[in-house]
Amino acid sequence: MWWGGRGQSFNIAPQKAEPDMGLSGPKSVQRTGMLESRSCQLGSHLASGCLPGEQILAWAPGVRKGLEPELPGTLICTNLRVTFQPCGWQRSQVTMAIVRARAQSSQAQQYAGISLSKAGQSSGPRKPPIPLLETSEDWETERKKQGAGSWRVSPVNERFDVATSLPRYFWVPKRTLDSEVRRAFGHFHQGRGPRLSWHHPGGSDLLRCGGFYTASDPNKEDIRAVESMLQAGHSDVVLVDTVDELPSLTDVQLAHLKLRALCLPDSSAAEEKWLSALEGTRWLDYVRSCLRKASDISVLVTSRVRSVVLQERGDRDFNGLLSSLVQLLSAPEARTLLGFQSLVQREWVAAGHPFLTRLGVTGASEEAPVFLLFLDCVWQLLQQFPAEFEFSEFFLLALHDSARVPDTLTFLRDTPWERGKQSGQFNSYTQIYTAGYSQLPAGNSVNPQLSVWDWDLRYSSEQILQFHNPGYDPEHCPDSWLPRQQPNFMVSGPPSSVWLFSRGALTPLNQLCPWRDSPSLLAVSSRWLPRPAISSESLADQEWGLPSHWGACPLPPGLLLPGYLGPQIRLWRRCYLRGRPEVQKGLSAPTISGLQDELSHLQELLRKWTPRISPEDHSEKRDPNTIVSQSR
C-alpha cells in the first residue's frame, strides 16, 4: 500500500534510520522501537488499526508538520503500508480504505483462515456472488440477459488451444461455424479474434479483437470468415483504433509513478506549485483522454445500428478499459453494484487482462496500472453523475486496494488459463500452450476457491453497506431505460459502409481486411494515415445529423456524456491523498452520523482558527471564507 500528502513532513526524534523495507512511503521513517515478535503487540492503541495478517515492523512517535496547529501522533511502518496515526483518533476515523473495510474483522487471525472458516460454514460448494463466466451456462445466461439473439456461445477454446489468454467460451455470430472461428482467430495477434463484448438494446454490437497478423496468408474462405465476424450481420461497420490518441503503457506507468511521488509527504514540490506539478504528471490528462474516447465510441454505438469493433494489438489493456467505460456510459444496468462487478469480471478478468504483470507483482518490465486508470475514470463519472451509480466511492477504493494488495486469484494471475490451473479447475485437461505463464512470487498464499467479489467473507454487513451510494436514484431502473428492439434482418452480403474512427472523425475504408489485392488502411497504424480535419461540431451532433444552430442534440435514454475539460477532471483525493487526515475530512461521509461528526470537526477548527474579535467588531458580519483564508 502507498499513501501520501501534499507538502507534509514529520518531525521525529533523531534515531538510527530504519532500513529500507521496500515499501512506498515517506523516506524519513526513523527507528525508535522494534517489536521482537514482529506482531501487532504495541498496545491496543496501535494494534487496533492493524489488518488481518499485518505485522508492525517499526514505529516512531513524532509531530506531523504542515498543519495549524501541529498534529501529534505516531508514525507506523508495517509489512503492508506506512501510516500516521494521530493522537486521540478513534479507529473509525482511519482513512485507509482497506483498513476502513476490515477494521471490525477479527484481527487475531490471518485473512486466509477467516475466509476459509466463513466459507466452511455453508454446506456444499459456495456459489459465487456473481457469475465468474467459467462455464458455458454462465455465458449463455449473460447472452440472453443482453438480448443478443444473433450471437451464440462458442466452446472452440474450451481446451485453451486457440488462445490461453482468452476465456474458454465467448460469443460469436450464429452463422459462423467453430471451424471457421478457429481458422479466423489464427490471423489475429495472440489468436484473439473478433468476438462480442456487448450488445446494445437498440441493435448495435460492440466487438473487440487483437491486431491483424499481417504476416499470415489466409485463403479466401478465411478472409470471408474474418469479414463476416467483423461485420456481425450489420451493413455499417466502424473499426476503432483503440490506442490512437491514448497513452502508451510506458506513459501510464511513468505518470502513475510521478503521481505517487508527488503525493508523498516528502515531495520536493513547493506548496504553491503543487497543482502545476500535478498536471505535469500527465495522469489527469490520460484520464481525460480515456473518457473523451469512450464518449465518442458510446455515440457511435447508440446513434445508429452498426458493428463497432475495438482493435488493439494485444486486446488485453485499453480494449477492456474502453469497452467497460462505453457500457457504463450507455447501459444503466452496468452502473448497479452487481452489474459493475459482472462488467469487470467479463471485460477484465475473463478477457485476460494481465493483472499480475501490469500491477507489478512479478516485477516484470511491462508494469502499467491500466486497471487503476480505469477505476479513476469510473470515479470521475461517479462525481459527475452521482445519482446514476448504485455503488459508492468506498466500493471503488476497496476494489482499488484489492488490486494493489491482491489476496485472491482474481488479481493474481494474467490469464484465465493460469487462474483455472491454480484453482484445479482444469486438472483433467492436457496442457496445450504455456508460453508467458506467470509464476506467483514465493511466499504468497491465497485461497484458490475465492474471488475478489466474496466481500462477505472479508467485510461485515455494516461495511458492505458503505459500498452502496446513498444518492443513487432507484428510478434509474435497468429494465425500463430502453425497450428491447425486435430482431433485425441480418445482412448476408458485404457491408455497405466501412469506416475507421480516428481523432474524433470517421474515415471511409475500401475493405475490412488487410489481405485483399489492394493494401488495407488497417494494416498500417492510423498514426501514419492522413489526418482528417477535426469538425467543430461534436461527434454526437455529426452522428445524429442535427444542424449546429439547433444546439446540443438530445441524448438517447440512459446515455451519459461526461465532461472532460479543465477542472471537470479532478484528483481522486480520498485515494491518492489518503495519508492526510485533514484532507479526508469533509469528503462525503457515507452516513448521516459521519457527516455530523465531520461538521462538528470543521466547526471546532473554525473556532480554533478564528482570530479574536474585539468588542467593537462584534456587530460586523465576517465572511467565514475570509476568516479561514486569513488564518492560513
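Colleague: Is T242 buried or exposed?

Modeller: This is a predicted model, and in it T242 is buried, with a relative accessible area of 0%.

Colleague: And where does T242 sit in the chain?

Modeller: T242 lies in the loop that runs between strand 9 (236-241) and helix 7 (249-262).

Colleague: Which side chain does the side chain of T242 join in a polar contact?

Modeller: That of N319, at 2.6 Å. Setting aside neighbours within four places in sequence, the residues in contact with T242 include N319 again, together with K293, L310, Q311, E312, F318 and L322.

Colleague: Switching to E347, where is that one, and is E347 buried or exposed?

Modeller: E347 belongs to helix 11, which covers residues 337-349, and E347 is buried, because its relative accessible area of 3% falls under the 20% cut-off for that class.

Colleague: Now the nonpolar core, how many residues has the largest one?

Modeller: The largest nonpolar core has 82 residues, and those with the most contacts inside it are L325, F340, F371 and F374. F374 touches L321, S324, L325, L328, F340, V344 and W348, when residues up to four places away in sequence are not counted. Apart from that core lies another, of 37 residues, with L207, C209, V237 and A350 among them.

Colleague: Last topic, the helices. At what angle do helix 9 and helix 13 pack?

Modeller: Helix 9 (residues 283-303) packs against helix 13 (residues 370-384) at an angle of about 70 degrees, and their axes are 10 Å apart. Helix 9 is therefore roughly perpendicular to helix 13, since angles of 65 to 115 degrees count as such.

Colleague: Which residues meet there?

Modeller: From helix 9 come W283, Y286, V287, C290 and L291, and they meet L372, L373, D376, C377, Q380 and L381 of helix 13. Sorted by class, this contact between helix 9 and helix 13 has 9 nonpolar, 1 polar and 1 charged residues.

How values were computed
Residues numbered from 1 in each chain as written. Predicted model: local features only at pLDDT ≥ 70, side-chain atom pairs only at ≥ 80, totals over all residues. Heavy atoms only, no water. Axes fitted to C-alpha atoms, helices over the stretch in contact; angles between N-to-C directions. Helix = DSSP H or I, 4+ residues; strand = E, 2+ residues; numbered from the N terminus. Parallel < 35°, antiparallel > 145°, perpendicular 65-115°, else oblique. Contact = heavy atoms within 4.5 Å. Nonpolar A, V, L, I, M, F, W, Y, C, P; charged D, E, K, R; others polar. Core = buried A, V, L, I, M, F, W, Y, C linked by side-chain atoms within 4.5 Å. Buried < 20%, exposed > 50% of the residue type's maximum accessible area, 1.4 Å probe, protein only. Polar contact = N/O pair within 3.5 Å; in protein donor to acceptor, adjacent residues only side chain to side chain.
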